[in-house]
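Open the model in your viewer and follow the stops below. Each one says what to select and what is there.

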Amino acid sequence: SRTDPYRAMIVDDDVFLSAHYSKVLESARIETRVLNNPLDVMEVLIDHRPDVLLLDMHMPQCSGTQLAEALRQHHAYSHIPIIFISNETDVSRQFQAREAGADDFLTKPIEDKHLISTVINRAQRARTMGSKISYDGMTGLLTHEKLYEELKRHLVMYKRHKSNICFAMCDLCLLYTSDAADDLLCVD
C-alpha cells in the first residue's frame, strides 16, 4: 500500500548512536530496523523491505562502502537509496562512498530534524520512482519483472517462516474488431 509508513534500516556498529537514530526516525513514524552487524543485512532486507538504508562507513566486519557495492550489484536492492552516516570528514573518502553507490552523505553528529528530513525525502523519491518502474502505466498491475521478483521474495519468506502461500495468475486479452459491437473478451 502506498500509505504504508516509510521504512528505514540503520546499519551501524555503534549500538547507542544507532538506537538514538532509530528513536528519532520512529518519532517521525518511520518504521526502523537497526543492525549492528553488517553481515546480517541480506536476511533483514527480505523481511523489512526498507525504503532507505543508512550505513556507517567504518564497521569492523564489513565497511559501509563494501556493503554498498555489494547491494548495488544485487538487482532487487540496487534501487534503494543509501545514505552514509559517518564521522568521516575526508572529502575524498566521502566521494569514494558515493562512487560505491551512496546517494547522500551525512556527517556525524546529525541534527534530528536533518536526519528525518533527509530520510523522508529519499524515501518519497524512492517510492515514486519504484512505482513508475514496477507498475504498468496502463493497467496499474505489476510489470512482469517485478511480479517475478515479488514471487521470489514471498517464496523465500514462505520457506523461512513455514507459512502458507498461494499464487494465481490470469491472463486476459481484449480483442477488438472493426465493429465496436463485436468486441470479444477471451480468456487465455
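**Stop 1: the sheet**

Select the strands: 5 of them form an open sheet, ordered β2-β1-β3-β4-β5, with parallel pairing. Strands are DSSP runs of E, at least two residues, and helices are runs of H or I, at least four residues, both numbered from the N terminus. Two strands pair if DSSP finds at least two bridges between them. The model is predicted: local features need pLDDT of at least 70, side-chain atom pairs count only at pLDDT 80 or more, and totals for chains, interfaces and linings use all residues. Residues are numbered from 1 along each chain as its sequence is written, and side-chain values use heavy atoms, without hydrogens or water.

Zoom in on β4 and β5. They run parallel, joined by 4 bridges. Ile 85 stands opposite Leu 106 in β5.

**Stop 2: the core**

Select Met 9, Val 11, Val 41, Leu 45 and Phe 84. They have the most contacts inside the largest nonpolar core, which has 24 residues. Such a core is a set of buried Ala, Val, Leu, Ile, Met, Phe, Trp, Tyr and Cys residues joined through side-chain atoms within 4.5 Å; buried means under 20% relative accessible area (1.4 Å probe, protein chains only). α2 gives the most to this core, with 4 residues.

How values were computed
Buried < 20%, exposed > 50% of the residue type's maximum accessible area, 1.4 Å probe, protein only.
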